[in-house]
Amino acid sequence: MRSFLILSFLFLFLSLSLLSHSYEYDDIDVPEIDGIDFRFHDQSSSKVAIITTENFEQILEDNENILIEFFAPWDEACQDFAPDYDLVATTLKDLLLIASVDVTTDPSLALEYRIRSYPTIILIKGQDLLTYEGELEANELISWTYNNIRPNVTTLNSAEEIEGFGQKSPFIIAAVTKDTPAQNLLHNLGHHARYLSVAEVLDTHLQELLSLKPNEFRLYPDDDDSHVLTESLEKFSTPRDIQRWIIFNSHQLLSPLDDATFQQLAASDVVFSIFFVPSDQMSTWMPSLTNLAEDLKNSVKILWATSEQAGSFAKQFGATGEVFPTQIAFQSDKSARPLAWNEEVSLTYDGALEWLKGVVEGTSIGFIKSQSIPESNSGPVTSVVAKNFVDIVLDPTKDVLLQVFADWCHHCHIFAPKYEELASLFKPVKTLVIASIDGDANALPENVIYDSYPSFFFFPAHSKTPIEFADFTGSLFSLAEFVKAHSSPTSEAKDVEIPESMKPIPTENDEDEEDLIDLARFRFGLKDEL
């Protein structure tokens, strides 16, 4: 399963030289539409490097860390974000390469990295690739980038360095000896807990200055010196153990939902639950939430948020976004889908307590968000909802092509008539179902992994393991070929002839370039410009 947890939360809440080569900017023919100048990055400043298919491999070879913005010049969000990205480049230019890719001139790079919305920002960190899911704001992107490239552990060698360390809570300073199990544990903690600034003091005189015994560490959870805690590394076996200790000892019993607390919990194996309560009911619910936090202390962390401010966040994790109060529980295994409270049952203190105990034990079941089963399903495209997903999509006698769309998705509405045309083409094949489901209004199985609308999955009759159509370009021809290729060996779909009207428009480019141009036309909203 994708990194589901962080991706959705940062949608709502994220609020903050290794550069050894410089690159010349290429002259790019940027179209003028309605007199707008789309050359919006300050290329003369040489702070944002322009990546193309021609220089990309060399840039990867020369730079360990690269921040890349994939943008479309015509996109209003990209235009609005341009000054912020230039500020990011100015601020971080001595730490890593800041670059951008114009998806209208280099669609192959967008295709390679499966870029489906704009702007999309990725961080290439050695062999790792991270996608920024926060708000389009300079300080937050700067903070996210720095936290992901900074050293795991800072070694403090003087009293001045100690004084200057830890300007932002939370942070840890530990007294360790080089090449010992305690130092290894500390470094592992720094690697896993990126929300936490970690420092080590190796010099024994500096350790005495801090009043730290060997292998002892001091936690500064916030700016209040009375909250400082001291503990021995020898009491812990893993970084997770230290994180659990930090969470249950440095936070207030009942915490409001905020960025720092969520990141800390998301990086741990602590079960936690967020209660979403209407503001006019908060005073009534607060005593119950406090009692829950006390009853579940050391097993479940309780957070709260008003439904007016964070209701859309609850919807991201399986709630309908229409029934409050409700709660979303995050399991010990953070790769597992969070569990939503059953909205058909009123949320009460007793019900919440027993359900959360079950989350800890692995016995509680989450609410399955679903639209109502349609009364009629006689059209060329079969309508699927969560309640009939098993009966239709997992029918072992049928091959099924499933489109995942969202009602608010503009491209989905544009493509709807084409999808019906595809369904009509294969309608005579009785062992094949062309279907669609609103992914925003219905829960989907965890193996149906997608990051944009529309997305397409083929469920073969013989296995029912979904096969994603990863290279969707808006072309009916390629989608029809995909259906034929994956249909059961004896299916009549193999014999369906694709009409000429569905085939791509011939160009002077080879077949691969035809697909890329079709991708650009559909996904980027361009027509004659290409």
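Let me start with Asp-106, which touches Ile-51, Thr-52, Thr-53 and Val-101 when residues up to four places away in sequence are not counted. Contact here means heavy atoms within 4.5 Å. Before going on, note that this is a predicted model, where local features need pLDDT of at least 70, side-chain atom pairs count only at pLDDT 80 or more, and totals for chains, interfaces and linings use all residues. Residues are numbered from 1 along each chain as its sequence is written, and side-chain values use heavy atoms, with hydrogens and water left out.

Back to Asp-106. The loop between strand S3 (97-102) and helix H4 (107-112) holds Asp-106. Helices (H or I, at least four residues) and strands (E, at least two) are DSSP runs, numbered from the N terminus. Is Asp-106 buried or exposed? Asp-106 is buried, with a relative accessible area of 6%. Buried means under 20% relative accessible area, exposed over 50%, and partly exposed in between, with a 1.4 Å probe and protein chains only. Asp-106 and Glu-54 are 52 residues apart along the chain, and their C-alpha atoms are separated by 9.7 Å.

Next, Val-277, in strand S12 (residues 271-277). Val-277 is buried too, at a relative accessible area of 0%. Leaving aside neighbours within four places in sequence, Val-277 has contacts that include Met-282, Trp-285, Ala-305 and Pro-325. From Val-277 to Gln-327 there are 50 residues in sequence and 8.6 Å in space, C-alpha to C-alpha.

Now a pair of helices. The axes of H7 (residues 181-192) and H9 (residues 239-250) come within 9 Å and cross at roughly 70°. That makes H7 roughly perpendicular to H9, a word used for angles of 65 to 115 degrees. On the H7 side, the contact is made by Leu-185, Asn-188, Leu-189 and His-192, and on the H9 side by Pro-239, Ile-242 and Gln-243. By class, this contact has four nonpolar, three polar and no charged residues.

Last, the largest nonpolar core, which has 24 residues. A nonpolar core is a set of buried Ala, Val, Leu, Ile, Met, Phe, Trp, Tyr and Cys residues joined through side-chain atoms within 4.5 Å. Which elements give two or more residues to this core? They are helix H15 (410-426), strand S18 (432-438), strand S19 (455-459) and helix H16 (476-486). H15 gives the most, with six residues. Leu-479 is among the residues with the most contacts inside the core. Apart from neighbours within four places in sequence, Leu-479 is in contact with Leu-401, Phe-415, Tyr-419, Leu-422, Phe-456 and Phe-469.

How values were computed
Axes fitted to C-alpha atoms, helices over the stretch in contact; angles between N-to-C directions. Parallel < 35°, antiparallel > 145°, perpendicular 65-115°, else oblique. Nonpolar A, V, L, I, M, F, W, Y, C, P; charged D, E, K, R; others polar.
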